[in-house]
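Here is a short report on the packing in one protein model. The sequence and structure come first, then the notes.

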Amino acid sequence: MIASVKGPTKGSGAYTALQHLQNVGGQASPADLMTQLVWSDTPGRFQRLIVGPLERQRLVLRRDDLVTLTSRGVTFLTPSAEAAAPVPPGPYAAPFQPLRALHRPTALALRPGAADYRTIPSRIGEHVIAHGKKAVA
């Protein structure tokens, strides 16, 4: 079984070329692949940098001006069962307990006369403003 086929890195030009080959049915011309990858360099460099490494890894075959995806290439592009394994849960977090004493509001210990400032009116110019009311400009 070829479960661990080595190949190009995801996101690279070679990987994108493999994906395009799979999407179009397994066969495409190098010119079509160059168009799909928006290749602006020469066709010779495309053959050397993209198609050549894929051919050496036996992921594609070159025949009669066509690049064909091999069964090994299909296996490389198919996600394995190990990659689809569930992600383990994160660290343990205790459930929220709303009735704990930490979550209850506490009564503030106020000394007598601590809120007397509220009875002192504020002044803006000659206008007296009671506590809690907003000034109208």
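Helices here are DSSP runs of H or I with at least four residues, strands are E runs of at least two, and both are numbered from the N terminus. This is a predicted model: local features need pLDDT of at least 70, side-chain atom pairs count only at pLDDT 80 or more, and totals for chains, interfaces and linings use all residues. Residues are numbered from 1 along each chain as its sequence is written, and side-chain values use heavy atoms, with hydrogens and water left out.

In α1, the buried residues are Ala 14, Tyr 15, Ala 17, Leu 18, His 20 and Leu 21. Buried means under 20% relative accessible area, exposed over 50%, and partly exposed in between (1.4 Å probe, protein chains only). These α1 residues pack against β1 (27-28), α2, α3, β2 (60-63), β3 and α4. Contact means heavy atoms within 4.5 Å.

His 20 lies in helix α1. At 10% relative accessibility, His 20 counts as buried. Its side chain makes a polar contact of 3.3 Å with that of Asp 32. Such a contact is a pair of N or O atoms within 3.5 Å; within protein, one must be able to donate a hydrogen and the other to accept it, and residues adjacent in sequence count only if both atoms are side-chain atoms. Beyond neighbours within four places in sequence, His 20 touches Asp 32, Leu 33 and Gln 36.

The largest nonpolar core has 19 residues; Leu 18, Leu 21, Leu 33, Phe 46, Leu 54 and Val 60 touch the most other members. At least two residues each come from α1 (13-23), α2 (30-36), α3 (43-56), β3 (66-69) and α4 (71-77). α1 gives the most, with five. A nonpolar core is a set of buried Ala, Val, Leu, Ile, Met, Phe, Trp, Tyr and Cys residues joined through side-chain atoms within 4.5 Å.

## Aromatic pairs

There are two aromatic pairs. Rings of Phe, Tyr and Trp (its six-membered ring) pair if their centres lie within 6.5 Å; planes under 30 degrees apart are stacked, over 60 edge-to-face, the rest tilted.

| Pair | Centres | Planes | Class |
|---|---|---|---|
| Tyr 15 and Phe 76 | 5.9 Å | 75° | edge-to-face |
| Trp 39 and Phe 46 | 5.3 Å | 70° | edge-to-face |

Tyr 15 in helix α1 and Phe 76 in helix α4 are 61 residues apart. Both are buried. Trp 39 is partly exposed, at 24% relative accessible area, whereas Phe 46 is buried at 0%.
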